[in-house]
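Let's walk through this model together, one region at a time. Have the sequence and the 3D view at hand as you read.

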Amino acid sequence: MILEPIYEADFSQFSFGFRPNRCTMDAIKCILWSTTERKKFFWIIEGDISSYFDTINHKKLLRLLGRRVKDRRLLKLTWKFLRAGVMEGKLFRDTKLGTPQGGIISPLLANVYLSELDRHMKRYTDLSSTDKTYRRRHGQANYVYIRYADDFVALSNGTKGEAEGLKEELYTFLQQDLKLTLSKEKTKVTNLNDGFKFLGFWVQRRPGSEKMGTKILIPSEAVDKVINKIAETTDKTSFSDSANAKILALNRIIGGWCRYYQYTSKASATFSKVEDRAFWLLAHWLGRKYQLNMSEVMKRYRLEAGLGTKEYQLTKAYRDFPSLRYAKRFLKSNPYTTQEKIQREELLIDSYWTGHEARPGMADLRPLILERDGYICQRCGEKGTPKTLHVDHIRPVRRFKRPVDANVPENLQTLHIEVCHRKKTQEDRQRESRVR
């Protein structure tokens with residue numbers, strides 16, 4: 001809260017990662033803007049810093065913070081945060097280098113550290129139009145630089161040799177000034193015609209209907225990855241999960257993935273492929289769970305809107321997430337000086353919910369019990385809504401040898417969440433304490 005407004009005034013316009021009101025598509029839009037046929041930035045340096053978050057030098061970082069922040073209490077607090085150590089399972093590990101991933105201040109500190117790289121690149125990117133024209137006339141390349149956290153690309157409109165030269169310069173700068181290592185194996189110089197991967201997108205210059213142009217596509221690995229997630233979620237070992245919970249889990253996976261790739265070329269065609277795969281994986285999961293053949297599954301779970309239950313339907317990726325054009329400007333104003341509403345980007349993450357329930361089957365039982373009881377609280381007799389009512393165990397779960405035996409309709413009742421459920425829980429605990 002203290003550091004971010006200070007550094008938002010200093011950070012480069014071409015830095016997009018973990019900053020308010022900026023997102024991956026802003027960085028991609030910047031690449032599209034820079035690689036038009038007229039500008040000819042066709043040689044790409046794909047930057048890859050080895051173990052960046054784990055190798056940030058603490059003393060160097062504090063010196064950089066000290067240039068802008070004079071409050072010693074704040075600097076001391078930041079130092080303590082960096083040196084606090086982390087728990088890995090049950091083991092404690094000292095943190096002599098790096099910023100702990102997942103720490104609330106880590107992304108900002110990582111941006112502060114790499115803003116030195118942004119500043120180094122300004123000697124090439126902050127030139128006037130006159131200077132850039134002069135360089136081109138004299139056979140020198142101009143450059144565009146785009147960074148998202150520790151991922152960056154530098155675009156050159158010169159020769160491959162000039163791009164290789166800048167790559168070596170960046171390697172030396174990072175090693176000597178920031179004590180970071182640019183991976184020589186993973187940091188490649190690529191022609192835009194061959195395409196490159198950046199932030200999970202595939203960027204490539206291709207022929208269009210009338211002329212050549214840069215396309216942003218979904219990589220085949222990304223499609224395989226989301227289909228593997230769907231297949232794992234509908235694995236045969238998960239039949240104890242509720243159908244409702246399973247559909248909710250699949251909708252979260254598909255929805256998050258589609259929102260991330262909604263602005264790519266040919267998104268609808270790719271979404272249709274994912275939608276079809278998800279439909280049949282869920283259909284086979286339902287068939288195996290309830291011992292039904294495919295025709296019976298379709299009779300019971302095929303709805304007008306798709307596949308699902310009375311409560312939830314499987315997201316139709318092609319219909320629910322149409323292909324869109326990203327029309328926002330990638331050059332953003334400072335939200336702390338313009339009083340804009342601050343928004344944070346939601347990123348794709350590897351961890352996901354597979355529909356597993358702490359109490360297996362409850363997501364399917366809940367609507368049945370509410371309907372059986374007529375949405376009436378069994379304690380006070382007043383009617384409620386699905387939002388105000390809770391399905392509770394008549395006999396507490398802990399009194400069963402097998403917790404799963406408590407999840408049967410005969411042992412479930414409808415109660416108001418706020419008052420009746422709380423009173424019933426208190427009475428159960430008092431009763432058990434007297435028995436003890």
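**A guided tour**

Strand S12, residues 389-393, is largely enclosed by the rest of the structure, because 4 of its 5 residues are buried. Here buried means under 20% relative accessible area, exposed means over 50%, and partly exposed is in between, with a 1.4 Å probe and protein chains only. Strands (E, at least two residues) and helices (H or I, at least four) are DSSP runs numbered from the N terminus. Before going on, please keep in mind that this is a predicted model, in which local features need pLDDT of at least 70 and side-chain atom pairs count only at pLDDT 80 or more, while totals for chains, interfaces and linings use all residues. Residues are numbered from 1 along each chain as its sequence is written, and side-chain values use heavy atoms, with hydrogens and water left out.

The partner of S12 is strand S13 (residues 412-416): they pair in the antiparallel sense over 5 bridges. Two strands are said to pair if DSSP finds at least two bridges between them. One place to look is Asp392, whose bridge partner in S13 is Gln413.

Now turn to an open sheet of 3 strands, ordered S7-S8-S9 with antiparallel pairing. Its edge strands are S7 (196-198) and S9 (212-217), each of which pairs on one side only. From one strand to the next, the twist averages 30 degrees; angles run from 0 to 180 degrees between N-to-C directions, and axes are lines fitted to C-alpha atoms, for helices over the stretch in contact. S7 is joined to S8 (residues 201-207) by 3 bridges, and Phe196 stands opposite Val203 in S8. Between S8 and S9 there are 6 bridges, again in the antiparallel sense, and a hairpin through 4 residues joins these two strands. Pro207 has Met212 in S9 as its bridge partner. As a general point, side chains in a regular strand alternate between the two faces of the sheet.

Backbone angles deserve a look as well. Leu199, in the loop between S7 and S8, has a phi near 60 degrees, a positive value in a residue other than glycine. Leu199 is buried, with a relative accessible area of 13%. Gln291 also has a positive phi, about 55 degrees, although it is not a glycine. You will find Gln291 in the loop between helix H11 (267-290) and helix H12 (294-301), and it is exposed, with a relative accessible area of 67%.

How do helices H4 and H5 pack? H4 (residues 58-68) and H5 (residues 72-83) meet at an angle of about 155 degrees, with their axes 11 Å apart. That makes H4 roughly antiparallel to H5, a label for angles over 145 degrees; under 35 counts as roughly parallel, 65 to 115 as roughly perpendicular and the rest as oblique. In H4, His58, Lys59, Leu61, Leu62, Leu65 and Gly66 meet Leu75, Thr78, Trp79, Leu82 and Arg83 in H5.

Finally, find Ala317 in helix H13 (residues 317-320). Ala317 is buried, with a relative accessible area of 1%. Leaving aside its neighbours within four places in sequence, Ala317 is in contact (heavy atoms within 4.5 Å) with Ile254, Cys258, Phe271 and Glu275. Ala317 and Ala245 are 72 residues apart in sequence, and their C-alpha atoms are 18 Å apart in space.
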